[in-house]
Amino acid sequence: MTQAPDGRGEVLRLFVAIVPSSQAVSDLAAALTPLRRDLDLRWTPSEQWHVTLLFAEAVPRTTLGPLTDAFGDLTRQVGPLRLGVSGAGAFPRERRARVLWAGVEVRSPAGGPGPLGGLAADLHAVAASHGVRTSAAPFRAHLTVARARPSRDLSSAVAALAGYRGPSWTPQQAVLVRSRPGAGPGGRALHEELSRLPLRTA
């Protein structure tokens, strides 16, 4: 059991995310097939693809209930969102990358990540109001599809996916997930869904 620095109980590693539709997943998986053959990368299982809106490394279990309720109150006010996977990129940069990602865009009412970025910012604000520290990394809507160790030039992979545009979907909910690093098959993170956070769909 992971304990808080003050020893007052278990802490959880959590994230809030939106999961792509099965059609979006299968379409992107097909687009990645040639790259999987050509590139020796650590490919993320498609069932773990998600758009991270918030990540918190140490949430006290005693805070989980009130925090979940507050997240749900927020997400019910957001939407409807029409999303789609489009293009690709790499972190921290293409020619010396550790992560290959597929971009996610909002296709209504206007393009770009604006509504998702706003939702992410609001979730961070809610977490802060409950005393929870979150990742300060700038928000970029994406699905992590592969990792490279050590870092390598992935500019050819990014170029190959530059014109990709997958089917749209309207998410019904965000999900609150517990992540257990190294607890899954092959030493991957194990993801445990803790709660579904409904989005407004009409």
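**Close-up views of the predicted model**

**View 1. Lining of the second largest pocket.** Strand 9 is the greatest contributor to the lining of the second largest pocket, giving 4 residues. The model shown here and in the other views is predicted. This pocket holds about 330 Å³ of space and is lined by 17 residues, with Val19, Glu47, Val175, Val177 and Glu193 nearest its centre. Strand 1, strand 8 (173-180) and strand 9 (190-198) are the elements that each give two or more residues to the lining. By class, 9 of the lining residues are nonpolar, 5 polar and 3 charged.

**View 2. Lining of the largest pocket.** The space in the largest pocket amounts to about 1,200 Å³. Its lining comprises 34 residues; His50, Thr52, His142, Thr144 and Arg147 lie nearest the centre. Two or more residues come from each of strand 1 (11-18), strand 3 (51-60), helix 3 (114-129) and strand 6. The lining is made up of 15 nonpolar, 13 polar and 6 charged residues.

View 3. An open sheet is formed by 5 strands in the order 2-6-5-4-7, with antiparallel pairing. Strand 2 (42-43) and strand 7 (165-169) are the edge strands, each pairing on one side only. Helix 1 (residues 22-38) packs on this sheet and touches strand 2, strand 4 (82-91), strand 5, strand 6 and strand 7. The direction of helix 1 makes about 165° with that of strand 7.

**View 4. Pairing of strands 5 and 6.** Strand 5 (residues 97-108) pairs with strand 6 (residues 142-152) in the antiparallel sense, over 6 bridges. Opposite glycine 103 stands histidine 142 of strand 6; His142 is also among the residues nearest the centre of the largest pocket.

Terms used:
Residues numbered from 1 in each chain as written. Predicted model: local features only at pLDDT ≥ 70, side-chain atom pairs only at ≥ 80, totals over all residues. Heavy atoms only, no water. Pairing = 2+ DSSP bridges. Contact = heavy atoms within 4.5 Å. Axes fitted to C-alpha atoms, helices over the stretch in contact; angles between N-to-C directions. 1 Å grid on protein atoms, 1.4 Å probe; cavity = no way out; pocket = protein on both sides within 12 Å on 5 of 7 lines; lining within 4 Å. Points joined across faces, edges and corners; volume = space filled by probe spheres on them. Nonpolar A, V, L, I, M, F, W, Y, C, P; charged D, E, K, R; others polar.
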